Amino acid sequence: MANIDDCVPGRRARVLQTGVARVAGKTGTIVEVSRTRRPPTGPLKDRVTLDVPGHGEVAFNPADVEVLPDDA
C-alpha cells in the first residue's frame, strides 16, 4: 500500500490488487501520478499510472500498489 507522496515517476512498483487477475502481482514503472478533483467541489482523487510489461499503461489507486526500494 503506497502513499501518493511515495509514488514518483520512474520508480518501480508492484501491483497488489486490481480488477484484472493477469495484472495482479506484476511489477511496472510509474509513468504518471495525478491528483484530480471532478467536479470542482468534489473530493480529491489520486491515480498512479504504471507501465506494466505485456499490458501497457494501467491506472491504479495508490493503495493498490507497493512502491519498491531503489535497489530492487
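Q: Is Arg11 buried, partly exposed or exposed, and what is its relative accessible area?
A: Relative accessible area sorts residues into buried (under 20%), exposed (over 50%) and partly exposed (in between), with a 1.4 Å probe and protein chains only. Arg11 has a relative accessible area of 25%, so it is partly exposed. This is a predicted model, in which local features need pLDDT of at least 70, side-chain atom pairs count only at pLDDT 80 or more, and totals for chains, interfaces and linings use all residues. Residues are numbered from 1 along each chain as its sequence is written, and side-chain values use heavy atoms, with hydrogens and water left out.

Q: With which residue does Arg11 meet in a salt bridge?
A: Side chains of opposite charge can pair when their charged atoms come close. A salt bridge is a side-chain nitrogen of Lys or Arg within 4 Å of a carboxyl oxygen of Asp or Glu. The side chain of Arg11 meets that of Asp70 at 3.2 Å, N to O. Arg11 lies in the segment before strand 1 and Asp70 in the segment after strand 5, so the pair ties together parts that are 59 residues apart in sequence. Strands are DSSP runs of E, at least two residues, numbered from the N terminus. Asp70 counts as exposed, at 70% relative accessibility.

Q: How many salt bridges does the structure hold?
A: The structure holds 3 salt bridges. One of them joins Arg14 and Glu66, with the closest N and O atoms 3.5 Å apart. This pair links distant parts of the chain, Arg14 in strand 1 and Glu66 in strand 5, 52 residues apart. Arg14 is partly exposed at 32% relative accessibility, and Glu66 is partly exposed at 30%.

Q: Which residue stands opposite Asp46?
A: Two strands pair if DSSP finds at least two bridges between them. Strand 2 and strand 3 run antiparallel and are joined by 8 bridges; a hairpin connects them through 6 residues. Arg35 stands opposite Asp46 in strand 3. Asp46 and Arg35 also form a salt bridge, their closest N and O atoms being 2.7 Å apart.

Q: Which residues have the most contacts inside the largest nonpolar core?
A: A nonpolar core is a set of buried Ala, Val, Leu, Ile, Met, Phe, Trp, Tyr and Cys residues joined through side-chain atoms within 4.5 Å. The largest core here has 13 residues, and those with the most contacts inside it are Cys7, Ile30, Val48, Leu50 and Phe60. Strand 3 gives the most to this core, with 3 residues.

Technical notes:
Helices (H or I, at least four residues) and strands (E, at least two) are DSSP runs, numbered from the N terminus.
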